[in-house]
Amino acid sequence: MFTKRVKALLSSAKADVIYITSPENLRYFSGFTGVEGALILSPKEQLLLTDSRYLLQAAEEAPDFAIVDVAKTKPIDCLSSYHPKTIAFEESYVSAEAYKKLCEALPDCAWQGIDKEILLQRAVKDEEELACTRKAAKLADEAFSEVLPMIKEGAAEKDIALALEWSMRKGGAEAASFSIICASGVRSALPHGVATDKKLEKGDFVTMDFGCFYKGYASDMTRTVVVGKASDRQKKIYETVLLAQETALSVLRPGLLCKEADAAARDVIASAGYGDCFGHSLGHGTGLLIHEQPTLSPRSEGFLTPGMLVTVEPGIYIENFGGVRIEDLVYITEQGYENLTHTDKRLLEL
Ligand SMILES: [Mn+2]
């Protein structure tokens, strides 16, 4: 019996057989959460090939798939048994070495990438994926309010990052969705300043960018606070980023070009005089990976559709001074969007 997701992929692929090996796509198409295995999909059948470490788990997690022990049938022999003329595969995942071997084993076969089709399919989430993401976002919100009392002069960035991760994991997350960013003082000008031993000082901006995986789905949020009283310059930067973030949110709706969302935030930052201080794109999709389609950047070609998850995260970064980023994770609906991040965005002076 074909799963819905496999059916959709088979109808968009123009190959005789589809060969999938990345952990995220194994999981997406079959439900199997092991990190090594292969899916071989054809109009005839859907197979999950894996080794003895995972055979029982595979049968349990992927009940709609025929499970094949790779000790008995190697993926390459299985593929060749279809006598395919074309095989679709993940060209951005398969290593050059593995690709060479595949070509040598099946010299008359044409290999074509299927990454684009898969990313498009994964960009639109179903109810179950939304529910997992909603929970992951909630765990991040809860971690922030739990850790808030700790954010004060003398606390180490690393300890704050660890406390955020501890809280999310305690709440049921499998892991942090990336190396948690906690960057204070001049370090907050580093958009991806992973936490260090630096201690928070009076007057520091503190940018915390974090999230977790819940049942495989990532969340992502950022808040920036000030230790002690904010200066006028800090207030102006913060209010500009907040206005940019809220302006971008206000235009989100199905049909909007991804680059229009980016421009909405970028224009606010530029007209406040900080045009050179916002180097990254406005946001990205999330899902089984922390960065998925779509991308909200000035170069994006796509547009928003209901079911997409995107982050909205403008920032201003000033070398030798500091930076601010504010990020929410939102779900695109038929009418507009739903914000999955609920932590307040007014400037906190701690
Ligand atoms: Mn992000």
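The side chains of threonine 222 and aspartate 209 are joined by a polar contact of 3.2 Å. A polar contact is a pair of N or O atoms within 3.5 Å; within protein, one must be able to donate a hydrogen and the other to accept it, and residues adjacent in sequence count only if both atoms are side-chain atoms. This is a predicted model, in which local features need pLDDT of at least 70 and side-chain atom pairs count only at pLDDT 80 or more, while totals for chains, interfaces and linings use all residues. Residues are numbered from 1 along each chain as its sequence is written, and side-chain values use heavy atoms, with hydrogens and water left out.

**Threonine 222**

- Threonine 222 is in strand S12; strands (E, at least two residues) and helices (H or I, at least four) are DSSP runs, numbered from the N terminus.
- Its relative accessible area is 0%, so threonine 222 is buried (under 20% relative accessible area; exposed is over 50%, partly exposed in between; 1.4 Å probe, protein chains only).
- A second polar contact, of 2.6 Å, links the side chains of threonine 222 and glutamate 327.
- Not counting residues up to four places away in sequence, threonine 222 touches Thr207, Met208, Asp209, Arg325, Ile326 and Glu327; contact means heavy atoms within 4.5 Å.

**Manganese site**

- Asp220 (OD), His284 (NE2), Glu313 (OE) and Glu327 (OE) coordinate the manganese ion at 2.0 to 2.4 Å.
- Donors are N, O and S atoms within 2.8 Å of the metal (3.2 Å for Na, K and Ca); water is not among the atoms, so sites may look incomplete.
- Along the chain, the donors of the manganese ion have the spacing D-x63-H-x28-E-x13-E.
- Aspartate 220 lies in the loop between strand S11 (217-218) and strand S12 (221-226), and histidine 284 lies in strand S13 (residues 283-285), so the pair ties together parts 64 residues apart in sequence.
- Aspartate 220 is buried at 4% relative accessible area, and histidine 284 is buried at 9%.

**Two domains**

- The domain assignment gives domain 1 (4-123) and domain 2 (127-339); such bounds come from an automatic or database assignment.
- The centres of the two domains, taken over C-alpha atoms, are 35 Å apart.
- Seven residues of domain 1 are in contact with 11 residues of domain 2.
- Two salt bridges are counted between domain 1 and domain 2; a salt bridge is a side-chain nitrogen of Lys or Arg within 4 Å of a carboxyl oxygen of Asp or Glu.
- Arginine 5 and glutamate 129 form a salt bridge through their side chains (3.7 Å, N to O).
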